Amino acid sequence: MHVTDPSVDQPDSQIPVPPYPKDSPQGIMGRRYIAGCFDNLLAMILALVVANQLPDSQPAIQVAVMVATYLAYYLVSEGLFYTSPVKYLTGLTIRNFDGGPSTFRQTIIRTLMRILEVNPLLLGCIPAALAIFFTRDKQRFGDQLARTVVVRRK
């Protein structure tokens, strides 16, 4: 008769963790990642198209227009509609902590923080991604300063 140690033969048992509610900040991480990537791509394409309309002899102005256009993509869409184009397509919106729509002031804060959070010269999107991954309410630094959260649109 062969006797084995039960602790060796038994797989580690873990208590299953219930999934987050679909409309909680934690339940929309995949959608938020997709929206962030594709919104960033659209904003960069728009910025390049607009900046390319200016003469090549003025590169400083082209860069300034490119940055302004990139930021305007978010400021206009999130300021007017409380969502960006791809957030809308993925069913997401930006809200206050009380559940109401974000204010224009909050949108300005969120937009300006993108200069630090998604700047290709400052580690790209890594700071924003890390903040979203590690914070309880899945907020990037701009969300934390503005006191907003991205949630599923109802």
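This report describes the fold, the nonpolar core, the aromatic pairs and selected local features of one protein. The structure is a predicted model.

**Overall architecture**

Seven helices and two strands make up the secondary structure of the protein. Read from the N terminus, the order of the elements is α-α-α-α-β-α-α-α-β. The protein has 154 residues, of which 38% count as buried. When contacts between residues at least 6 apart in sequence are considered, 64% of them join residues at least 24 apart.

**The strand pair**

Strand β1 covers residues 92-96, and strand β2 covers residues 148-152; the two pair in the antiparallel sense over five bridges. Within this pairing, Thr93 has Val151 of β2 as its bridge partner. β1 is mostly covered, with four of its five residues buried.

**The largest nonpolar core**

In soluble globular proteins, nonpolar side chains tend to be buried together. Here the largest nonpolar core contains 14 residues. Those with the most contacts inside this core are Ala43, Tyr70, Tyr73, Tyr74, Leu92 and Val150. Two or more residues are given to the core by each of α2, α3 and β1. Helix α3 provides the largest share, four residues.

**Aromatic pairs**

The structure holds three aromatic pairs. In one of them, the ring centres of Tyr70 and Tyr74 are 5.5 Å apart and the ring planes meet at 65°; the angle is over 60 degrees, so the pair is edge-to-face. Both Tyr70 and Tyr74 belong to helix α3, where they are four residues apart, about one turn of the helix. An α-helix has 3.6 residues a turn, so residues three or four places apart point the same way. Ring pairs also join Tyr73 with Tyr70 and Tyr74 in a cluster.

Phe133 and Phe134 form another edge-to-face pair, with 4.9 Å centre to centre and 90° between the planes. How do the members of these two pairs stand in terms of burial or exposure? The table gives the relative accessibility of each residue.

| Residue | Relative accessibility | Class |
|---|---|---|
| Tyr70 | 12% | buried |
| Tyr74 | 2% | buried |
| Phe133 | 49% | partly exposed |
| Phe134 | 64% | exposed |

Tyr70 and Tyr74 are thus both buried, whereas Phe133 is partly exposed and Phe134 is exposed. With buried taken as under 20% relative accessible area, Tyr70 falls in that class because its value is 12%.

**Helix α6**

Helix α6 comprises residues 126-134, and its buried residues are Pro127, Ala128, Ala131 and Ile132. Viewed down the helix axis, these buried residues fall within an arc of 130°, so they line one face of α6. Against which elements do the buried residues of α6 pack? Their packing partners are α2 (29-51), α5 (104-117) and α7 (141-146).

**The loop between α2 and α3**

Asn52 is located in the loop between α2 and α3, the latter comprising residues 59-81. Asn52 counts as exposed because its relative accessibility is 55%, which is over the 50% cut-off. Eleven residues separate Asn52 from Val63 in sequence, and their C-alpha atoms are 9.8 Å apart in space.

Key
Residues numbered from 1 in each chain as written. Predicted model: local features only at pLDDT ≥ 70, side-chain atom pairs only at ≥ 80, totals over all residues. Heavy atoms only, no water. Buried < 20%, exposed > 50% of the residue type's maximum accessible area, 1.4 Å probe, protein only. Arc of directions from axis to C-beta. Contact = heavy atoms within 4.5 Å. Pairing = 2+ DSSP bridges. Core = buried A, V, L, I, M, F, W, Y, C linked by side-chain atoms within 4.5 Å. Phe/Tyr/Trp six-rings, centres within 6.5 Å; stacked < 30°, edge-to-face > 60°.
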